[in-house]
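Reader: I am new to this structure, and I would like to learn how to read its features one at a time. Could you take me through them slowly?

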Amino acid sequence: MHSPTRSFSGSPWESIFGYCRAIRIGNQIEVSGTTAVDEEGQLVGEGDVYAQSRYIIQKAQKALQALGADLPQVVRTRTYVTDIGRWQEVARAHGEAFGQNPPAATMVEVAKLIAPQLLVEMEFTAVLPHE
C-alpha cells in the first residue's frame with residue numbers, strides 16, 4: 001500500500017479547515033473542492049464565472065503537476081455553481097482546458113458557497129497509469 005502524498009496551494013483555508021489541495025494515493029489523485037481564491041486569500045475574477053472557472057482549473061493543474069499528473073489524466077470533474085443559468089460560461093472554460101481529453105463531468109447548482117462572491121467550485125479526480 002502506498003503512503004499518501006499531499007500537495008498544498010498555500011490557501012489560508014487549508015490550515016483553518018484542515019485539508020490539502022490534492023492527495024495522491026498510488027496512481028489516483030483527488031483534488032479538493034477548489035475556488036478562485038489565490039495564495040493571498042484574494043478572489044480572482046469577481047463577478048465573472050468564466051474567469052473564476054479558468055483560474056480554478058489552473059490552480060488544480062498546479063496541484064496535479066506537483067503530484068506527477070496533468071489535465072489529460074483527469075477522469076472526473078464535479079462542478080458546483082451558484083447560478084445554473086450561467087452554465088455555458090463554466091462549460092466554455094472546462095471545454096477549453098480539457099479539449100481532446102474530456103473527463104466524465106457533473107455540474108449542479110447549489111444555494112451558496114462559503115463566500116457570496118464565489119460563483120463556482122470544482123473537484124477533480126485523476127488516474128495515472130499503474131506504476
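This is a predicted model: local features need pLDDT of at least 70, side-chain atom pairs count only at pLDDT 80 or more; totals for chains, interfaces and linings use all residues.

Reader: How much space lies in the largest pocket, and which residues are the closest to its centre?

Author: On a 1 Å grid over the protein atoms alone, a pocket is an open set of points where a 1.4 Å probe fits, with protein on both sides within 12 Å along at least five of seven lines, and lining residues have an atom within 4 Å of a point. Its volume is the space filled by probe spheres set on the points, which are joined across faces, edges and corners. Here the largest pocket holds about 360 Å³ of space. It is lined by 20 residues, and those closest to its centre are Trp13, Tyr19, Thr35, Ile114 and Glu121. Two elements, H1 and strand S3 (28–34), each give two or more residues to this lining, and S3 gives the most, with three residues.

Reader: What do the terms helix and strand stand for here?

Author: They are DSSP runs, numbered from the N terminus: helices are H or I runs of at least four residues, and strands are E runs of at least two. Trp13, for instance, is found in helix H1, which covers residues 12–17.

Reader: Which residues make the nonpolar surface patch?

Author: A patch is made of residues with over 30% relative accessible area and no salt bridge, where nonpolar side chains (Val, Leu, Ile, Met, Phe, Trp, Tyr) are joined within 5 Å and like charges within 9 Å. Areas come from the Shrake-Rupley method with a 1.4 Å probe. In this model Trp13, Ile16 and Ile114 make a nonpolar patch of about 360 Å².

Reader: How many salt bridges are there, and where do they lie?

Author: Side chains of opposite charge can pair when their charged atoms come close. The rule asks for a side-chain nitrogen of Lys or Arg within 4 Å of a carboxyl oxygen of Asp or Glu, and by this rule there are two salt bridges. One joins Arg86 to Glu89, with the closest N and O atoms 3.0 Å apart. The other joins Arg92 to Glu96, where the closest N and O atoms are 3.5 Å apart. Arg92 and Glu96 both lie in helix H3 (residues 87–98), four residues apart, which is about one turn of the helix. Arg92 is partly exposed because its relative accessible area is 45%, and Glu96 is partly exposed because its value is 48%.

Reader: Where does Met122 lie, and why does Met122 count as buried?

Author: Met122 lies in strand S6, residues 120–127, and it counts as buried because its relative accessible area is 0%. Thr77, in strand S4, is likewise buried because its relative accessibility is 0%.

How values were computed. Residues are numbered from 1 along each chain as its sequence is written. Side-chain values use heavy atoms; hydrogens and water are left out. Buried means under 20% relative accessible area, exposed over 50%, partly exposed in between (1.4 Å probe, protein chains only).
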